[in-house]
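Hi everyone, thanks for having me. Today I'd like to walk you through one structure, a piece at a time. Please have a look at the picture first.

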Amino acid sequence: LFMDAGRTAEAEPLLTKAAEDPLFREAFKAKTSLGILYYRKNELEKSEAMLRRAIDDNPTQACIAHYY
């Protein structure tokens, strides 16, 4: 919701926490969202790295990450 509202500064720490949580089974979703966030901020190297991590974590369900 924060990202959709353009509030990336608020979204980033929450997504980072979710992406790094080893108990969160769908952390690939947070990693995908972080990759998109970085893309929108024109931080392309960080975006690519995070999207690759999302794909590596769950290659069959991280399909949106393939398009960024």
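This is a predicted model: local features need pLDDT of at least 70, side-chain atom pairs count only at pLDDT 80 or more; totals for chains, interfaces and linings use all residues.

Leu37 sits in helix 2. Who are its partners? Setting aside residues up to four places away in sequence, Leu37 touches Met3, Thr8, Ala11, Glu12 and Leu15. There is also a distance to look at: Leu37 and Met50 are 13 residues apart in sequence, and their C-alpha atoms are 10.0 Å apart in space.

Helix 2 has 14 residues, and from its first C-alpha to its last it reaches 20 Å, close to the 20 Å expected at 1.5 Å a residue. How many of those 14 residues are buried? The count is 10 of the 14, so helix 2 is largely enclosed by the rest of the structure. If you want to find them on your screens, the buried ones are Ala27, Phe28, Ala30, Lys31, Thr32, Leu34, Gly35, Ile36, Leu37 and Tyr38. And what covers them? The cover includes helix 1 and helix 3.

So let's turn to helix 1.

Glu12 belongs to helix 1. Is Glu12 buried or exposed? The cut-off for buried is under 20% relative accessible area, and Glu12 comes out at 18%, so it counts as buried. Leaving out residues up to four places away in sequence, Glu12 touches Leu34, Leu37, Tyr38, Lys41 and Lys46. Leu37, where we began, is one of them.

Next, how do helix 1 and helix 2 sit against each other? In general, two packed helices are described by the angle between their axes and the distance between the axes. Here, the axes of helix 1 (residues 8–20) and helix 2 (residues 27–40) come within 8 Å and cross at roughly 150°. The crossing of helix 1 past helix 2 is left-handed. On the helix 1 side, the residues that meet helix 2 are Thr8, Ala11, Glu12, Leu15, Thr16, Ala18 and Ala19. On the helix 2 side, their counterparts are Ala27, Ala30, Lys31, Ser33, Leu34, Leu37 and Tyr38. Sorted by type, the residues of this contact are 9 nonpolar, 3 polar and 2 charged.

Most residues other than glycine have a negative phi. What about Asn42? Its phi is near 65°, a positive value in a residue other than glycine. Asn42 has 58% relative accessibility, so it counts as exposed.

That brings us to helix 3. Its 14 residues should span 20 Å at 1.5 Å a residue, and its end C-alpha atoms are 20 Å apart, which agrees. Buried in helix 3 are Ser47, Met50, Leu51, Ala54 and Ile55. Seen down the axis, these buried residues fall within an arc of 140°, so they line one face of helix 3. Glu45, Arg52 and Asp56 are exposed on the other side of helix 3. What covers the buried residues of helix 3 includes helix 2.

One last stop is Ala62, in the segment after helix 3. At 2% relative accessibility, Ala62 counts as buried. Its contacts, leaving aside neighbours within four places in sequence, are Phe28, Thr32, Ala54 and Ile55. And how far is Ala62 from Glu43? They are 19 residues apart along the chain, and their C-alpha atoms are separated by 20 Å.

How values were computed: Residues are numbered from 1 along each chain as its sequence is written. Side-chain values use heavy atoms; hydrogens and water are left out. Axes are lines fitted to C-alpha atoms, for helices over the stretch in contact, and angles run from 0 to 180 degrees between N-to-C directions. Helices (H or I, at least four residues) and strands (E, at least two) are DSSP runs, numbered from the N terminus. A crossing is left-handed if the near helix is turned anticlockwise from the far one by less than a right angle, and right-handed if clockwise. Contact means heavy atoms within 4.5 Å. Ala, Val, Leu, Ile, Met, Phe, Trp, Tyr, Cys and Pro count as nonpolar, Asp, Glu, Lys and Arg as charged, and the others, Gly among them, as polar. Buried means under 20% relative accessible area, exposed over 50%, partly exposed in between (1.4 Å probe, protein chains only). The expected span of a helix is 1.5 Å times one less than its number of residues. The arc is that of the directions from the helix axis to the C-beta atoms.
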